[in-house]
Amino acid sequence: MPETSHPPRLSRSLLYVPADKERALAKAPTLVADGFILDLEDAVAPQAKEAAREHLRAALAGPSDKPRIVRINALGSEWGTEDLLAALAAKAQDILLPKVEGPQTLLALASALEEADALPRMRIWAMIETPMAILYLREIAALSGKLPLAGLVLGLNDLAKETGLDPSPDRSELVPWMVSAVAAARAYGLLAIDGVCNVLADEELLTGECRQARRLGFDGKSLIHPAQIDTANAAFAPAPEAIAEAEAIRAAFADPANAGKGALAVNGRMVERLHLATAERLLAQAALIAERERS
Ligand code: COA
Ligand code: MG
């Protein structure tokens with residue numbers, strides 16, 4: 001049976017950090033992103049791949065209470081195997097696999113991890129960035145019953161390039177693929193992370209993309225620059241009114257006078273037990289955010 005509960009892990013902002021950029025790697029632990037994607041793939045030029053693996057090793061040496069996800073090159077590429085070995089040597093726990101074409105791409109990674117006796121301690125993330133990945137979304141997400149799959153990360157730049165789709169600034173043409181990815185993630189208990197906003201200094205555009213992604217059900221957004229973090233953290237955090245409403249729903253169902261009732265009226269609206277589950281999830285997320293802000 002697929003896992004349908006949505007894991008309460010903060011992933012509002014996942015910042016790509018090119019692993020060949022020492023200054024960026026050094027800056028990451030000082031930033032308030034919920035997690036980092038240390039990139040060995042497209043952000044790193046072919047001649048810098050080897051140095052990037054070395055820097056990755058150094059960057060992962062210290063402890064961190066946030067996910068540091070290593071994006072390796074595709075295993076079929078000339079760099080993939082070396083990247084995976086470097087990630088394992090550096091004790092990476094999260095691997096993001098690019099160019100996933102279907103379940104077999106992930107199964108190949110899983111068997112390489114199994115060979116290295118690393119599979120049980122890993123979390124695997126899949127880039128959804130090829131037309132084939134869109135066609136195989138269900139089969140990819142369904143691997144979560146078999147593999148330690150953590151989430152789907154959209155790569156909308158690649159998807160646009162591979163399909164020829166030329167999205168408008170409001171990304172309306174991409175919405176069907178975005179919601180398909182969210183549905184697959186939700187059906188199998190995975191996190192869903194939106195693609196990047198390529199424009200660096202357009203606060204309004206970034207805020208719009210974050211809000212759109214949140215409305216579509218995404219847990220967070222992948223980012224390319226530290227200046228984008230606060231916007232994503234704010235947009236994907238529950239609003240104070242939503243927290244108040246969730247508390248009211250929880251209190252209503254906890255009231256002994258309502259014991260055994262399936263549907264209640266709260267603040268003039270009908271709520272059912274499914275709304276209680278949503279409210280509990282929202283409150284768990286708000287508690288995680290409050291805890292992070294305190295620390
Ligand atoms: N992660 C961590 N730190 C970053 C960063 C990132 N993604 N991007 C920039 N920084 C740091 C810089 O090192 C600099 O810190 P410093 O002053 O201590 O050196 C500071 O933030 C300001 O950087 P800035 O000068 O504004 O950016 P830039 O012009 O050097 O770089 C980009 C702009 C887009 C090239 C850079 O942000 C980047 O490489 N982003 C990631 C790209 C990527 O990973 N793409 C693949 C996935 S789509
Ligand atoms: Mg890509």
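How close do the axes of helix H11 (residues 240–254) and helix H12 (residues 273–294) come, and at what angle do they cross? I looked this up first.

**Ground rules.** I'm in a predicted model, where local features need pLDDT of at least 70 and side-chain atom pairs pLDDT 80 or more, while totals for chains, interfaces and linings use all residues. Residues count from 1 along each chain as written, chains are lettered from A and ligands numbered from 1 in written order, and side-chain values use heavy atoms without hydrogens or water.

**H11 and H12.** I found that their axes come within 9 Å and cross at roughly 130° (axes are lines fitted to C-alpha atoms, for helices over the stretch in contact; angles run from 0 to 180 degrees between N-to-C directions). That makes H11 oblique to H12 (under 35 degrees is roughly parallel, over 145 roughly antiparallel, 65 to 115 roughly perpendicular, the rest oblique). Helices here are DSSP runs of H or I, at least four residues, and strands are runs of E, at least two, numbered from the N terminus.

**H2 and H3.** I then checked helix H2 (residues 49–59) against helix H3 (residues 80–89): their axes come within 9 Å and cross at roughly 15°. H2 and H3 are therefore roughly parallel.

**The barrel.** I traced eight strands in a closed barrel, E1-E2-E3-E4-E5-E6-E7-E8, with parallel pairing (a pair needs at least two DSSP bridges). Neighbouring strands are turned by 25° against each other on average, direction ignored. Zooming in, I saw five bridges joining E1 (residues 13–18) to the parallel E2 (residues 35–39). Leu15 stands opposite Phe36 in E2.
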